[in-house]
Amino acid sequence: MATNGEVAMNGKGTGTPKSPLRKIATSDKHDGICHDMSASTVKAQTIDELHSLQRKKSAPTTPNKGIQGSFATISEEERQKQQLQSISASLASLTRETGPKVVRGDPANKIRPISKDHHAAVPAISVSDSSLKFTHVLYNLSPAELYEQAIKYEKGSFIASTGALATLSGAKTGRAPRDKRVVKDDETSEELWWGKGSPNIEMDEHTFMVNRERAVDYLNSLDKVFVNDQFLNWDPENRIKVRIVSARAYHSLFMHNMCIRPTLEELENFGTPDFTIYNAGQFPCNRYTHYMTSSSSIDLNLARREMVILGTQYAGEMKKGLFSVMHYLMPKRQILSLHSGCNMGKDGDVALFFGLSGTGKTTLSTDPNRYLIGDDEHCWSETGVSNIEGGCYAKCIDLSQEKEPDIWNAIKFGTVLENVVFDEHTREVDYADRSVTENTRASYPIEYIPNAKIPCVGPHPKNVILLACDAFGVLPPVSKLSLAQTMYHFISGYTALVAGTEDGVKEPRATFSACFGAAFIMLHPTKYAAMLAEKMQKRGATGWLVNTGWSGGSYGSGSRIKLAYTRKIIDAIHSGSLLNANYKKTNVFGLEIPTEVEGVPSEILDPVNTWSDKNAYNETLLKLAGLFQNNFATFTDYKIGKDNKLTEEILAAGPVF
């Protein structure tokens, strides 16, 4: 009879009693025998403690080989205290003596215990519920943390098949330039460009403070806010410290990508920001407030170094608002701020690319054979060029891997995809789908481009390329410009919208945007043009006008110039071979055009050759020239230089007919 329930089987299958089995001995000796290698138990006493062991402290960084610093000598506790005091001061309301009680961390993860210290400072006036609660600060979160916040709490946030975060900007899917306001005070009334053609719509200090109070009170009423402390401008001598306070993880991730990410060292010593954004875009402005014309308002106060956003969740308002600030601050330091792309060849030759939306600025500056310094915003100082941003903001409509491989491959984990449409099951994005908006966008860190130059700085530009998408089809694919012509076309900032983009538009419509970014400039366009002329002349840079639009007829009858041809033209500019080409001058616009470019059919270089109806070509050419003249009339009353000679030269560089 078996004992202890143990039975040994003999060869005949019958059970015979055996003594109890010996306990298996465990050993760490590697003697070729399999042992039970059970690990020791973890040190945690609870599941919460176990989870806490998963996480260790880190900070988001942008690779930066050029800036060194030293850690602060204060303790971690004191540093965090100073940081929270700074954030509290940023969120201070006018109706309280101090800022709100702020505490680090997500309120969903932990509950802050109440202690006597939290009741020490009692507001003297207008005590409200918001002064009795904590505002939880989610400070400089990593992309992974922001993904978790967005997917968990923000409806319309999904992970696309490539790993990018697809999200929605709400009712507004583009900027609202008519809702942008700038405080007009004694200083800005003299310095800024006001009046006809200017993007600067005035508001007074009182109205700004009303909107600021509305935004701050909204942010303070939330359980948590996101705070980003970051930099603008890769030039370490002229960088600007910015703080962005927002209600959405999407906005925080967007700015994490678009601004320069501080290293842990730089964050230790960040201190007080130079400029602060209050993004309360989910909350509308009060339309009964003076100067308000809609539920949206984007307000700049240059004296207070603050920006307030109400009534729009489109993230581009933050990016371009800060660009406007740089257009004001940098020229004060004799640094030219530029709405341009910028890249550099292996020999150190730098090219600037100016162009409005749809002209190919991002596509052409993102060249796999050259280093990318930046795709949109730059500064040109006495030491060279520097990118203002830490990321790229590319249009996604009709994006393809074949035409734009670098941008395509940059859409991965960490990238924000705005307003795109994707398959419900596979999460694959359909970049041709315009269901939400034509203005679909991708925001990603610049290091996602394999050939990005880090730090994003370079020597003085050798070529200044002005891009125009001419839907009239009369501008040549490439023209070499004189200095005066460069200034004329820089101030004009021409491109054309194609028919069909708006109801009732049956033919191309010319669009002029001074300095290729009129919506963002703060000073009179001729001031930026004079600075550009001075720098080009001093550094020997050459100006070029490149048409990426139509040939052989206007939109609807002609065809768009092939991207492959435009790339060949740009390559010839970079190599310097185009400087040695033979040139001839066109009628009306007086443009110098080459007779041949390697890899480009010679017949398309002079647009008149591609039109079968020569009379129609001449009529369209004169029509466009007239539009240029009418637009430039806005700038003729502004003198450049002591003797006004440059103004006269620029005017003479325009079309003559």
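Author: Let us begin with Gly540, which is exposed, with a relative accessible area of 53%. The terms are these: buried means under 20% relative accessible area, exposed over 50%, and partly exposed in between, with a 1.4 Å probe and protein chains only. Gly540 sits in the loop between α12 (525–539) and β29 (542–547). Helices (H or I, at least four residues) and strands (E, at least two) are DSSP runs, numbered from the N terminus.

Reader: On what basis are such values given?

Author: This is a predicted model, in which local features need pLDDT of at least 70 and side-chain atom pairs count only at pLDDT 80 or more, while totals for chains, interfaces and linings use all residues. Residues are numbered from 1 along each chain as its sequence is written, and side-chain values use heavy atoms, with hydrogens and water left out.

Reader: How far apart are Gly540 and His460 in sequence and in space?

Author: They are separated by 80 residues in sequence and by 9.4 Å in space, C-alpha to C-alpha.

Reader: How should I read a nonpolar core?

Author: In soluble globular proteins, nonpolar side chains tend to be buried together. A nonpolar core is a set of buried Ala, Val, Leu, Ile, Met, Phe, Trp, Tyr and Cys residues joined through side-chain atoms within 4.5 Å. Here the largest one has 129 residues, and Leu417, Tyr444 and Phe589 have the most contacts inside it. Helix α8 (residues 316–332) supplies the largest share of this core, eight residues. Apart from it lies another core, of 26 residues, including Val137 and Leu310.

Reader: Which residues does Phe589 touch?

Author: Contact means heavy atoms within 4.5 Å. Leaving aside residues up to four places away in sequence, Phe589 touches several residues, among them Leu475, His489, Phe628 and Ala653.

Reader: Is Ala653 buried or exposed?

Author: Ala653 is buried, with a relative accessible area of 10%. This residue lies in the segment after α15 (645–652).

Reader: How should I read backbone angles?

Author: Most residues other than glycine have a negative phi, and most peptide bonds are trans. In this model, phi of Val588 is near 70°, a positive value in a residue other than glycine. Val588 belongs to the loop between β32 (583–585) and β33 (592–594), and is buried at a relative accessible area of 17%. Arg305 also has a positive phi, near 60°. That residue lies in the loop between β12 (297–301) and β13 (306–310) and is partly exposed, at 32% relative accessible area.

Reader: Where is a cis peptide bond found?

Author: The bond from Ile454 to Pro455 is cis, with omega near -5°. Pro455 is in the loop between β23 (441–445) and β24 (457–458).

Reader: Why is strand β19 described as largely enclosed by the rest of the structure?

Author: Four of the five residues of β19 (residues 391–395) are buried, so the strand is largely enclosed. Two strands pair if DSSP finds at least two bridges between them; β19 and β23 pair in the antiparallel sense over five bridges. Within this pairing, Lys395 stands opposite Arg441 in β23.

Reader: How should I read the span of a helix?

Author: The expected span is 1.5 Å times one less than the number of residues. Helix α5 (residues 205–221) has 17 residues and reaches 24 Å from its first C-alpha to its last, close to the 24 Å expected. Its buried residues include Phe208, Arg212 and Leu219.
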